[in-house]
Amino acid sequence: MASTRSSDERNLLARNTAEAVARQSYGKLVAFRAARTRYVAAAEDALSEAFASALADWPNNGCPANPEGWLLTVARRKSIDMFRRRSHEETVDAWQAMSESLQTAESNGQIPDQRLLLMFACAHPAIDAAIRSPLILQVVLGLDAKAIASAFLTSPAAMGKRLVRAKEKIKEAGIPFIIPEKEELPGRLDGVLDAIYAAFAAGWTDPAGTDARLRDLTEESLFLARLVAELLPQEPEALGLLALMFHAEARRRARRSAEGEFVPLSEQDPGLWDSAMIREAEASLRQASTMRVPGRYQLEGALQSAHVHRIRTGHWNWQEVVRLYDALLAISDSPVVAINRALAIAELDGAETGLKILQQLSADPRLTEYQPYWAARAELLAKTGSYHEAKQAFAIAIGLERDAAVRRFLQQRQSNLPS
């Protein structure tokens, strides 16, 4: 029995170590391999085989002192085997050119992080713009199709197919994962910023920081957003995204009560907000505004700033908020923005007006399983006295919500409605 337990313990240690490396370093490892091979799928395949080798080797020989280095070494060997089997001189030449290009860029300080390098590579103009951000999320940040689909209001099956097709196109067309020149970066920036924000939003769904994978994702997203802003200081949208993320992260502690219950923004204690982070957010917004090129992330950052100002001062600023939502909707045509705009208009012009706007959005199939739409509808129906319909909308929202604390909040709101 002791031998069996020892074997089980070794297996568990090996698996836990592999999972920790995958959670914390998957994007870095794929970026490192893909930067040298130009083939994202090949880099993922080689790394997948390396992880499989680890699970076979580590229980018998012990976990290495440097698991990342061990995995990269094995992945490199797997890549070489793949290239040899293909006997493709062009691929080998590209591999060599990529290695030289990477070394040059690193020595020049051109792109300070290889994950960021691969993000800009995934935003290559030859890749369909709609798939660039999802591709970055999967390849560089390690999100699965389900999480990516949620961020883009589509089904996991549809997103999985789109990602597979994108990788096939990259391989067939020979789209090179060559380090872009500095002057090429602004043209690829939108996809990179969208991916960083989607990753941050995924991590933000765990306000207590109990899920290590999501906690790492939030920290990684903030790190990458800072890098982009430092790399492209004259790009106001990079600063706008940084401001938006700072404002959101500053409120993390206030989003749950001491008992772990959900606290909506309007009821949060501003004393729990991170004032230093809010000051950083405001500084980024001011810097971006001096460039006089408004964009989505600057407007979203400004909206967060307006909400913070209202709650801190008690100053009623819904007219300003609606104007910002109007501008944001004109730029993004996003159903999520439209929902929030409807709620802001309801504060200004009454729940009936907001409800009419939501009704106009109901034909959008993306909102069928989008919890915030049903929660917003429930709240406005309740304010108009349509309690039966409000309860039905709350029931749908509760069924769609994955966060237990938010479900309890919605259930409480539902139970408070008159019969």
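Is Leu-232 buried or exposed? Leu-232 is buried, with a relative accessible area of 7%. Buried means under 20% relative accessible area, exposed means over 50%, and partly exposed lies in between (1.4 Å probe, protein chains only). This is a predicted model: local features need pLDDT of at least 70, side-chain atom pairs count only at pLDDT 80 or more, and totals for chains, interfaces and linings use all residues. Residues are numbered from 1 along each chain as its sequence is written, and side-chain values use heavy atoms, with hydrogens and water left out.

**Overall build**

- The protein has 19 helices and zero strands. Helices (H or I, at least four residues) and strands (E, at least two) are DSSP runs, numbered from the N terminus.
- Of its 419 residues, 48% count as buried.
- The accessible surface is about 20300 Å², and 50% of that belongs to carbon and sulfur atoms. Accessible areas come from the Shrake-Rupley method with a 1.4 Å probe; for residues, only the protein chains shown count as cover.
- Take the contacts between residues at least 6 apart in sequence: 65% of them join residues at least 24 apart. Contact means heavy atoms within 4.5 Å.

**Around Leu-232**

- Leu-232 sits in the loop between helix 10 (212-231) and helix 11 (236-250).
- Leaving out residues up to four places away in sequence, Leu-232 touches Phe-120, Lys-182, Leu-185, Leu-189 and Ala-238.
- Leu-232 and Pro-186 are 46 residues apart along the chain, and their C-alpha atoms are separated by 7.9 Å.

**Cysteines**

- The structure holds zero disulfides. A disulfide is a pair of cysteine sulfur atoms within 2.5 Å.
- Cys-122 is buried, at 0% relative accessible area. Cys-63 is partly exposed, at 29%.

**Aromatic pairs**

- Rings of Phe, Tyr and Trp (its six-membered ring) pair if their centres lie within 6.5 Å; planes under 30 degrees apart count as stacked, over 60 as edge-to-face and the rest as tilted. This rule gives five aromatic pairs.
- Why is the pair of Tyr-197 and Tyr-297 edge-to-face? The ring centres are 5.7 Å apart and the planes stand at 75 degrees, so the pair is edge-to-face.
- Tyr-197 lies in helix 9 (residues 185-204) and Tyr-297 in helix 13 (residues 296-313), so the pair ties together parts 100 residues apart in sequence.
- Tyr-373 and Trp-374 also form an edge-to-face pair, 5.1 Å centre to centre with 80 degrees between the planes. Both Tyr-373 and Trp-374 are buried.

**Salt bridges**

- A salt bridge is a side-chain nitrogen of Lys or Arg within 4 Å of a carboxyl oxygen of Asp or Glu. The count comes to 11 salt bridges.
- Arg-226 bridges to Glu-280, with the closest N and O atoms 3.2 Å apart. Arg-226 is in helix 10 and Glu-280 in helix 12 (residues 275-289), so the pair ties together parts 54 residues apart in sequence.
- Glu-261 and Arg-408 meet at 3.1 Å, N to O. Glu-261 is in the loop between helix 11 and helix 12, while Arg-408 is in helix 19 (residues 404-415), 147 residues apart.
- Asp-194, Arg-296 and Glu-300 are linked in a network of salt bridges.

**A charge without a bridge**

- Arg-377 lies in helix 17 (residues 371-383).
- Arg-377 is buried yet has no salt bridge. The nearest side chain of opposite charge, Glu-389, is 4.2 Å away. Lys and Arg count as positive and Asp and Glu as negative; His and the chain ends are not counted.
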